[in-house]
Amino acid sequence: MKQEEVKRCQIQEWYPKFKSLSIKTIIHELPESFIDYLLEDSKPFLLPTSISGDDALPQRIQKPYADDEYEEEFDKDLDGDSQEDPEQESLSPPCFPDLESQIKDSIKALGGAIFPKLNWSSPKDAAWIATTGTLCCTSFSEIALLLRSSDSAVHDLCHAFDSCDDKTSSRPPQFFLALRKWFPSFHPEMEFRCFVRGQRLIGISQREVTGFYPVLLDKKLDLELLIRCFFEENLRLGFESEDYTFDVYVTRDGRVKLLDFNPWGAFTLPLLFAWDELEESFKEKGGETIEFRIVGSQCAVRPGLKTAVPYDYLDTSPGSGWDQFLRRADEELKRQTESSEAGA
């Protein structure tokens, strides 16, 4: 993988060209002071001061104690002599008035609710910390809270090019915050990740692998046709990379909306595929056929947020417990499929 391939997948790079195919988005360049704030390891966790004063989030979020400190702090509370650290008393919350003002205007222009995204990643792994349990944000502080709590954001900020053969830096020269219009009626089962090798669409996977959606069993052929036509008409010659993935959402009336681009391999999740499997399939079939995978039964559901651990951060390396679990799930899915075909 080359740095140029990773750079093309940044939302500020591809969105201007494909905005008519995507959801409404407003992009802001982030000042370095805000990047420093996202990366600092301060205790307590201080949220930015709101210029409007109407932010409902508390100004400080105390980080949990390390395991060996819990008993000591518990004893202090019982003794009644627990006091604020003088250094904490002197800390003042950060303030980014210009950025907050711009973001406030953008949120209003996008209908009052958005979900945030940095150059590459949304802070999906931090949704648990939000009061709604989602990425829906209506204020600057809510955005800051999600970004400060996200490992995905840290990856964008510090490790974006770690998998590149020609790596010259771990981070891009500029960072951007994309505010994307929030749709409360979004149906997760209609989001799909598509795999492109040699400018050929070779695979499609259900994006939300933590759920079984029977409706997809009946719509599979129609969905494949819609996505294939969308790729051929808009992306095959329109996106400069030869190998990449893209995410789409299919609306109730059959329109395909482009959500994202990601590099081929590395930190991009293959979901219901494995990268070596996709590579082998391309070598054998040359991209002449498309394999479309969905979760075909309840027993084939993959681990994810429903296990209280984001799927993106599970250890699925060869030999790990989850690797063995996923292999057994794949074998069971294959067995059920063969049994169903034999019965038909």
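The side chain of Lys-117 reaches the backbone oxygen of Trp-120 at 2.3 Å, a polar contact (a pair of N or O atoms within 3.5 Å, one able to donate a hydrogen and the other to accept it; residues adjacent in sequence count only if both atoms are side-chain atoms). The model is predicted, so local features need pLDDT of at least 70 and side-chain atom pairs pLDDT 80 or more, while totals for chains, interfaces and linings use all residues. Residues are numbered from 1 along each chain, and side-chain values use heavy atoms, without hydrogens or water.

Lys-117 lies in strand 4 (residues 114–117). Strands (E, at least two residues) and helices (H or I, at least four) are DSSP runs numbered from the N terminus. Lys-117 is buried because its relative accessible area is 3%; buried means under 20%, exposed over 50%, and partly exposed in between (1.4 Å probe, protein chains only).

Helix 7 (residues 140–148) is mostly covered, with eight of its nine residues buried. Among them are Phe-140, Ile-143, Leu-146 and Arg-148.

Trp-264 sits in the loop between strand 9 (256–263) and helix 10 (275–285). Trp-264 counts as buried because its relative accessibility is 10%. Trp-264 and Phe-195 are 69 residues apart in sequence, yet 7.8 Å apart in space, C-alpha to C-alpha.

Asp-165 occupies the loop between helix 8 (151–158) and strand 5 (176–181). Asp-165 is exposed because its relative accessible area is 60%.
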